[in-house]
Amino acid sequence: MRVVLFLAMVLAALPCFAASRCDVDTPVAMAAVGEVRLAYQSVGREQDPALLLVMGLGGQLIHWPDEVVTRLCEQGFRVIRFDNRDVGLSAWAHPPASANLAYEALRYRLGLSVSAPYSLRDMAGDGLGLMDVLGIQRFHVLGASMGGMIAQHMADIAPQRVESLTLVMTSSGAPGLPAPQAALLSLLARREAPNREAAIAQQADLLAALGSPQVSVDRPLLLREAARAYDRAFNPQGVQRQILAILAEPSRVELLNRLHVPALVVHGTADPLLPVMHGVHVAAHLKGSRLALIPGLAHRFQAAFKEPLLAVVIPYLQVHRLDGEPRLAQRNEARAQSL
C-alpha cells in the first residue's frame with residue numbers, strides 16, 4: 001500500500017516538475033560567437049536532447065510563442081531560442097556598413113547579382129557557434145521561413161551534428177517558384193518609420209498581411225504584438241541586411257540534394273509570402289523527407305494553427321529525439337557514397 005501511495009505522489013508531482021524545468025521566464029544570456037554576441041534563452045534540462053529554434057526575417061526569439069516552447073520542452077527537449085544577428089538583443093562587435101536595399105532589390109528584379117554584407121551561410125555559422133559555446137555537439141533544428149533556409153545550411157555545414165531538421169514555411173530558393181504577393185513585398189520593404197507609433201502600425205500591417213484569410217484580423221492584438229517587439233529592440237537597418245542576405249542567396253537545390261538527414265517539411269496552403277509550392281519543392285529535393293501541408297496556415301504563427309502545427313511537429317521530433325549512433329553511422333555512409 002505504501003508503494004502505491006508513493007507512486008501516486010510521484011505521478012501527481014510530474015506536471016509540476018515539467019512546468020518548473022520548462023520555465024520560459026529563464027533569463028536571456030549572451031554568447032560571443034565570432035563577430036557577434038547572440039542573445040539566447042535555454043529552456044529545459046541541460047542533459048536533455050537539444051532543439052535549436054531558428055527564427056525568420058526580422059523575428060526575435062520572443063516570436064517563438066511561449067506556449068509552443070513549453071510544449072516542446074515538456075516532450076523532453078532542451079529548447080534553445082536566440083536572436084539572429086541584426087535583430088533583437090544580439091549585437092555586433094563592429095557593425096557592417098548598411099547596404100542600399102532599394103538599389104540591390106532593383107538588381108534582383110533585373111536578374112543581376114546582389115551584394116549583401118553577409119550570407120545565410122554566415123548566419124548558419126552563428127547557430128553552430130552558439131551550440132559550440134553551450135557545449136552541445138549534436139542537436140535537432142527547427143527553422144521557420146528564413147530560419148528554415150539557415151537550417152538547411154547548418155545541416156550542410158555540419159551533417160554529423162544535426163540529428164533532424166524541421167523546416168516550417170520555408171523555401172529552396174529555386175528560380176521559377178511562385179512569387180510572393182506584390183503588396184506583401186511592399187510591406188516587407190517598408191522598414192523606415194518616423195516614430196514609435198508609425199513603426200508599430202507598419203509592423204501590425206505586415207502581420208495582418210502574413211496572416212491566414214481564415215482568421216479574422218484582431219488589430220488591437222497585432223498592435224500589442226508589434227509594440228512588444230519594438231520595445232524590446234528595433235533595428236530596421238539590420239532587417240534590411242537580412243533581406244539582402246536572402247536576395248543574394250543562390251538556389252539551394254544542390255544543397256538539398258546532398259543532404260542525408262531526417263527532415264520534416266511543414267507548409268501552409270494559404271502562405272502569401274512563400275506559396276505552398278515552395279514547401280513541396282523543398283520536400284521533393286530532401287531525400288526521405290516527410291511533407292505535411294496544413295490547410296489555411298499562412299506565414300506566421302497564429303493561435304488558430306498552434307494545435308495543427310504541434311500535432312505534426314511533436315510526433316516527428318519524438319521519433320527522432322533518441323536518435324542514436326547507428327542512424328548517425330548510416331547517414332555518414334550515405335553521404336560518403338554521394339560524394
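S3, H2 and S4 make a right-handed β-α-β unit. Helices (H or I, at least four residues) and strands (E, at least two) are DSSP runs, numbered from the N terminus. The model is predicted: local features need pLDDT of at least 70, side-chain atom pairs count only at pLDDT 80 or more, and totals for chains, interfaces and linings use all residues. Residues are numbered from 1 along each chain as its sequence is written, and side-chain values use heavy atoms, with hydrogens and water left out.

S3 spans residues 50–54, and five of its five residues are buried. Buried means under 20% relative accessible area, exposed means over 50%, and partly exposed lies in between (1.4 Å probe, protein chains only). Which residues of S3 lie on each side? Ala50, Leu52 and Val54 are on one side, Leu51 and Leu53 on the other, and both faces are covered.

S3 has two parallel partners to look at. Strand S4 (residues 78–82) pairs with S3 in the parallel sense over four bridges. Strands count as paired if DSSP finds at least two bridges between them.

Now move to S2, residues 36–43. Seven of its eight residues are buried, so the strand is largely enclosed by the rest of the structure. S2 runs antiparallel to S1, with five bridges between them. Ala31 has Leu38 as its bridge partner in S2. S1 and S2 form a hairpin, with two residues between the strands. Gly34 sits in that turn and has a positive phi of about 60°. S2 is also joined to S4 by four bridges, again antiparallel. In that pairing, Gln41 stands opposite Arg81 of S4. S5 is another antiparallel partner of S2, joined by two bridges. Arg37 has Ala91 of S5 as its bridge partner.

How many disulfides does a search of the whole structure find? It finds one. A disulfide is a pair of cysteine sulfur atoms within 2.5 Å. This one joins Cys22 to Cys73, with an S to S distance of 2.1 Å. The link of Cys22 and Cys73 is left-handed, with -80° about the S-S bond. Cys22 lies in the loop between helix H1 (2–21) and strand S1 (29–33), and Cys73 lies in helix H2 (residues 66–74), so the pair ties together parts that are 51 residues apart in sequence. Both cysteines, Cys22 and Cys73, are buried.

The structure holds three aromatic pairs. Rings of Phe, Tyr and Trp (its six-membered ring) pair if their centres lie within 6.5 Å; planes under 30 degrees apart count as stacked, over 60 as edge-to-face and the rest as tilted. One of the pairs is Trp64 with Phe301, tilted, at 5.5 Å centre to centre and 40° between the planes. This pair links distant parts of the chain, 237 residues apart. Trp64 is in the loop between S3 and H2, while Phe301 is in the loop between strand S9 (290–294) and helix H12 (306–321). Phe301 is partly exposed, with a relative accessible area of 27%.

Trp92 and Tyr118 form another tilted pair, at 5.8 Å centre to centre and 40° between the planes. Trp92 is in strand S5 (residues 91–92), and Tyr118 is in the loop between helix H3 (101–109) and helix H4 (120–133), 26 residues apart. Both Trp92 and Tyr118 are buried.

H8 (residues 219–232) has 14 residues and reaches 20 Å from its first C-alpha to its last. That is close to the expected 20 Å, where the expected span is 1.5 Å times one less than the number of residues. Buried residues in H8 include Leu222, Ala226 and Arg232. The buried residues of H8 pack against helix H7 (196–210).

Finally, the whole chain. Its secondary structure comes to 13 helices and nine strands. Of its 339 residues, 50% count as buried. Contact means heavy atoms within 4.5 Å. Residues 24 or more positions apart account for 76% of the contacts with a separation of 6 or more.

Technical notes
A crossover is right-handed if, with the strands pointing away from the viewer, the path from the first strand over the helix to the second runs clockwise.
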